[in-house]
Amino acid sequence: MPRPAFPLRAVTALFLERQHLTRPRATTLTARRLGRFVEDVGGLQLDSINVLDRAHYLTVWSRFGPYDRARFDRLVYRRRLLFEYWAHAACLVPASALPWWRRAMLDYRSRHTGWSGWLRRNAKVLSTVQAAVQASGPMGNSDFEGRRPAGGGWWSWRPVQHALHHLWMTGAFTIHSRQHFQKRYDLLERAMPDVLGVEPVSSEEFRRWHLERSLRAMGAANELDLTRYLTFPRFAPGVRRAALRAMLERGEVTEIELEGTPGRWLVLTSDLSALARAGRAAAPSLGTTFLTPFDSLLWHRDRVARLFGFDYRIEVYTPGPKRVHGYYTLPILHHGHLIGRVDAKSHRAERRLEARHVHFEPWFASARPTPGGGERVDQDEALAGVIEALSSLAEFVSADEIEIGRVTPRRLRAPLARLLRLPAHESHPRARLGRQEDVESADSIS
């Protein structure tokens, strides 16, 4: 029997839908919407870079616009709607998924992870750290520095750090809270008492769920996509393939073809109708937003290139002179197309948001059809969307002023300047245009 065939735009549209990007910033954040969003995408990635804001805060802003971070933190660290664990990387994952992540925690204790030798050499450190947290309550790395443990000697920070991480990964500890982004650990059952009534699923059920969650979040995927979305745990060779084969045999997963795309693609059988509906949609998304480099839409960047024709690499670790787009570039999503990127920085003391470099894709700048031969994007509407998104971002990072430095290509600088000089709503920040400079940051002018 031939495989069902779908156009590439169907997968792109369903991917955006599952990533909650069909109407970016059109609804306000609520506890229910936050929970549903993280359940659908599988995890909200955490990262320490703070040149603009923390990655998890920005990812939520991309979907819901400005919101109260303190309320978000209460939902996570008091109400325990989400909890920290390793999913793609360090992530916030839904508490509703605890039976499955409990299995990952238990399996981590017996998996060969390179910890065996360390655990033998540092068994006393592990037990002493666990006893200290049990007796004292939430503790972080700094709470152990310079303290004398029972039995003499001094704390060595690195073994303590390893002990805290291992106890977290195996489910003895959880992240109780964060202070200035520094983790504070507590006993899992003390921070989340409901865990005592949670029965972990079997290892087989966990592997099936892991594949189902990834396919659900992506809409449809090839096998490489499945290995690059939820990257933890790294299953032994053949384990993922065997689980996928069993799901295909039971009819839970269906093989499909994408028109003009080689290879086998996979979709949850229950999602076939959603994929067909997405392919008929007039537009995959409506609205403009920016995506953090750690957004789940971007977790597998080769997939982004295949679906959106957008080559994205984060340049944080690239030496300054070799950067093409900037230090912390945010892809611009407009009406379901990635039309460019913004290198943004928040000057907190000055309450100023700086768009150091706004770089548009060549096809967009020259008013050509979208990658893959789709429709043309209305340039004026898109540029207005970029300015509106910048205003929303400025509000979120508490900036009273927006400054735009370099624009590529240069000819799009004038229309952006006109939009910046339009009378702003009272709630919008002031805006100004810096000088066009062929450098990373631009001097500003009145």
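Predicted model: local features only at pLDDT ≥ 70, side-chain atom pairs only at ≥ 80, totals over all residues.
Reader: How many aromatic pairs does a search of the whole structure find?

Author: The search finds 19 aromatic pairs.

Reader: Why is the pair of Phe37 and Phe64 called edge-to-face?

Author: The ring centres of Phe37 and Phe64 lie 6.3 Å apart, which is within the 6.5 Å required for a pair. Their planes stand at 80°, and because an angle over 60 degrees counts as edge-to-face, the pair receives that name. Phe37 belongs to helix H2 (residues 31–41) and Phe64 to helix H3 (residues 55–64), so that the pair links parts of the chain 27 residues apart. Both Phe37 and Phe64 are buried.

Reader: What makes the pair of Trp100 and Trp209 stacked?

Author: The planes of Trp100 and Trp209 are 15° apart, with 5.5 Å from centre to centre; the angle is under 30 degrees and the distance within 6.5 Å, and therefore the pair counts as stacked. This pair, too, links distant parts of the chain, with Trp100 in helix H5 (residues 98–110) and Trp209 in helix H10 (residues 203–218), 109 residues apart.

Reader: How do you know whether Trp100 and Trp209 are buried, partly exposed or exposed?

Author: Trp209 has a relative accessibility of 12%, and because buried means under 20%, Trp209 counts as buried. Trp100 has a relative accessible area of 25%, which falls between the limits of 20% and 50%, so Trp100 is partly exposed. Trp100 and Trp209 also belong to one aromatic cluster, whose members include Tyr85, Trp101, Trp168 and Phe235.

Reader: What makes Lys183 a charge that sits over the ring of Trp168?

Author: The charged end of Lys183 is 5.2 Å from the centre of that ring, within the limit of 6 Å, which applies together with a limit of 35 degrees from the ring normal. The charged end of Arg69 likewise sits over a ring, that of Phe396, at 3.9 Å from its centre.

Reader: Why is Arg207 called partly exposed, and which residues is it in contact with?

Author: Arg207, found in helix H10, has a relative accessibility of 27%, and because this value lies between 20% and 50%, Arg207 counts as partly exposed. Leaving aside neighbours within four places in sequence, Arg207 is in contact with Phe235, Val239 and Ala243. Arg207 and Ala243 are 36 residues apart in sequence, and 6.5 Å apart from C-alpha to C-alpha.

Definitions and conventions: Residues numbered from 1 in each chain as written. Heavy atoms only, no water. Phe/Tyr/Trp six-rings, centres within 6.5 Å; stacked < 30°, edge-to-face > 60°. Helix = DSSP H or I, 4+ residues; strand = E, 2+ residues; numbered from the N terminus. Buried < 20%, exposed > 50% of the residue type's maximum accessible area, 1.4 Å probe, protein only. Contact = heavy atoms within 4.5 Å.
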